[in-house]
Each structure stands twice: as structure tokens, then as C-alpha cells.
Amino acid sequence: MRRFNIATDEEIRSGGTSDIYYPRTREVLEAKGIDKKVVAEVTVGKLPEEWGWGVFCGLDEVLTLYEGLPVDIYAMPEGTIFPTRDARGFRLPQMVVVGKYNSFVNVETATVGLLCQASGVATSAARVKKAAKNKTVFAFGIRRMHPAIAPMLDRSAYIGGFDGVSGVAGAKLLGIEPTGTMPHPLILLFGDQKAAWKAFDEVVPKNVQRIALVDTLCDEKFESIMAAEVLGKKLYGVRIDTPGSRRGDLLEIVREVRWELDARGFKSVKIFVSGGLDEKSVLKLAEGPVDGFGVGTSVANAPTIDFSMDVVEVEGRPRTKRGKYSGRKQAWRCEKCNRWITALHSEKLEKCDACGGRMRPMLEKVLANGAIVGKALLPRQTRGRVLEQLGHYVLE
Ligand code: PCP
């Protein structure tokens, strides 16, 4: 019996979460004895919110979806920052599936959905991380989303460049310690901030940073000073989660807190800010004396990237619908200047036509006749790859 409103692993893999027209298509094709080899290509029409680039994420679950199916998959490595079009304006493929159409038609819906949501979250996270400059950013958003997808959301935010995640299951998947401070109810149940901070310090393991929440009962400045006096050197930082109704100028509140802490010798106490933050507010606050951010809904509920999957070749012949380019393709990227070129699969590009750098084919074989191939990177390595590339891109 289904207790939560979620699909089981088996339902997802067997097409139980498909749009109905795909199994019907398969039924019709099978009834008429049509079983053709195709190339299906994943591309993006337009990125949301005027984003100029996306972070490719969700391939891990796509491979879980296809494992055992008699198809080959070629994809950009997870964590690749991609444009939707190449340097000349041609659509750029992010993934290609090669095999009998009937063998994967039932998972087409799930394929696209896995990539659309994970890549949307990873891209939003990368943008927030870039907006934060060199400051720390933690994912706090799973509370606003269905818990069944919390691990995927945390993984995507981390791959996008976030430094940590609050979710227990997400952190476990990533092989990292979950990150969190303390919630308002802790203070409210003690009815006294000092008692709550002291109790937290007494009970919680020593390896957990002591970050006091300082906006529950009084002014952030006075609670910050109080926390520093109560916990002394043990206080790692304060978290300011000022309610929207009291915010006024949050950057100025942060400056004031920094000033007053410094004036009393608490220069090492870090300042974290959370609550309703997004790319724009992080960009502004990062100019001030903020050491880190907790960002939730704006990233967990990021717009999806509208990947679509289209047949571009049937039985070795180029064939596709209006609005798309036919033929199996490869996406090439210049190792030197990051220029992207879409080319037919039969073409081999050597040198970049702009800078002469070496062109690298970015769609690598990741599934061979249903078997996962290639080297799997750890999430922190994929995240590192995103952070490395982020330097080449700007927030638009
Ligand atoms: C923080 C804040 C937001 C959370 C974190 C971030 O919660 O109030 O609710 O999500 P957001 O970016 O979507 O706003 P806490 O202060 O920890 O929540 P609580 O009131 O439960 O203590």
C-alpha cells in the first residue's frame, strides 16, 4: 500500500511514472511490428530567468533509470557548465541515447524530469555561490519541499557549489556531515536565550560548531553580544534570521552586529545570515561583513531547466521534428578558451577555430548496453569541477 504520495523505485524504472502517451506509443509500435534503432538527443530550448548557462546534474539517477536497458548513453560529465547554444548559435546536446526506441520510450518522462529538476537546483546553487563570492553557503531548503526528494535536492545544491547541507539523508548520500545551527523552538522552549545556548553547548558533541541563533527574543546586536559573553571562545558564530517584518536594512543590521562584537574583542565570531535569501539578496549582503549564508527555498525550489529529448536519427538516417536539428551529434569544448561547438558525430574537431586550443568531445560514453561505464567521481570532486568552471562565467 502506498503511504506517502510517491512512486517506488520500481515504478519509476518500469515506466509507472511515464506520461501515458509513451506506453501507448510503444503499444502501437509493437502491434505494428516497428522496432527501430534511434538516436535521441537531450537539449535545452531556453534557460529560465535569463540564466546564461546551466550546471548539468542528475546523471547519477538517469544511469540508475537506464541500468540494464539495452541502450548506450553519451553525456557530458555531471557538473559541466553548459550553454544552450554553441558559439555559432546552434543547439548544443547535453546527452544522447542510442538504442531501440521501444526499449526506452517508457522512461523518457522520467529521464527528462530527473535532469530538469537536479540541473535547475544545481544551477541556482552555483549562481548563489558565485553571488556569495568567497563566502560559505549552506543549503537549508529541504523543509519547503517533498521529503522524498530531499537527498536529491541537497546533492544538487552541493554539486552546484554549496559548502554544506542541512539534511541528514542528503549529507549521508554526499558522504559529508550535515550542517546546522539551532532552531527558534530551542530558545522558545527554554524561554531564555542564554540557557538555551548553554544547554546546546553542554549537550551537543564538541565537533559541532557553536553557532548561536540571535534573533528570537530581542535585538540581534544585543543577543550577539550576549551569546559571545555566555559562550566565550567556544562561540564559533552567530546566525541572524531576522523576520521579514523587522528587517528594514539587513545589511546595516549585520554591520552593526560586526561592529559591536569587534568593539568587545569578539573579532573571531563569525556572522551567518539566513531566511528568505536568494541570488540577489546574497549578492548585496556579500558586500558586507557576512561570513556565510543559509539559503533555502530559492534554491530548493529553483526553476527547472527545460531539457527535452528528441529523436534525431532513425535507423542511421537523420530525421527529426520541426524546430530541431537532425543527426547524431557531439558537443565539443575548447580546453583553452571554453568555446563550444556542436558538430555531427561523424566530424572530428581538432583545434579551436577561435584560439587554436585543443577541442575536447564532451559527450562521453556513460552506459554501454545497459552497463554503467566510466569513472564515477565523488560528489565533492564533481562540486570542485563546478567551482573551477564558475570563474569563466558571469551572473547575468
Ligand atoms: C531559517 C529561516 C528559513 C530557513 C532557515 C531558510 O529557519 O527562517 O525558514 O529557508 P528560506 O531560505 O527558504 O527562508 P530557522 O530559523 O532555522 O527556522 P525555525 O523558525 O524553525 O527556527
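## Domain interface and ligand surroundings

Arg155 and Glu78 join their side chains in a salt bridge, at 2.6 Å from N to O; the term denotes a side-chain nitrogen of Lys or Arg within 4 Å of a carboxyl oxygen of Asp or Glu. Side chains of opposite charge can pair when their charged atoms come close.

The model is predicted: local features need pLDDT of at least 70 and side-chain atom pairs count only at pLDDT 80 or more, while totals for chains, interfaces and linings use all residues. Residues are numbered from 1 along each chain as its sequence is written, and side-chain values use heavy atoms, with hydrogens and water left out.

The protein chain is assigned domain 1 (9–119 + 303–392) and domain 2 (132–300), with bounds from an automatic or database domain assignment. Taken over C-alpha atoms, the centres of domain 1 and domain 2 are 38 Å apart. Contact (heavy atoms within 4.5 Å) involves 14 residues of domain 1 and 13 residues of domain 2. Between domain 1 and domain 2 about 1,100 Å² is buried, and carbon and sulfur atoms give 57% of that area. Buried area is the accessible area (1.4 Å probe) that two parts lose on being put together, summed over both. Gln117, Pro379 and Arg383 lose the most area on the domain 1 side, together 47% of what that side buries.

The interface of domain 1 and domain 2 holds three salt bridges. Five residue pairs, both members at pLDDT 80 or more, are in polar contact between domain 1 and domain 2. A polar contact is a pair of N or O atoms within 3.5 Å; within protein, one must be able to donate a hydrogen and the other to accept it, and residues adjacent in sequence count only if both atoms are side-chain atoms. On the side of domain 1 that touches domain 2, helix 3 (59–66), helix 5 (108–131) and helix 14 (379–390) each supply at least two residues. Helix 14 gives the most, with six residues. Helices (H or I, at least four residues) and strands (E, at least two) are DSSP runs, numbered from the N terminus.

Around the ligand there are 14 residues, of which Arg144, His184, Asp241, Gly276 and Thr297 come nearest; a residue is near if one of its heavy atoms lies within 4 Å. Distances to an oxygen atom of the ligand follow.

| Residue | Atom | Distance |
|---|---|---|
| His184 | polar backbone atom | 2.6 Å |
| Arg239 | polar side-chain atom | 2.9 Å |
| Asp241 | polar side-chain atom | 2.7 Å |
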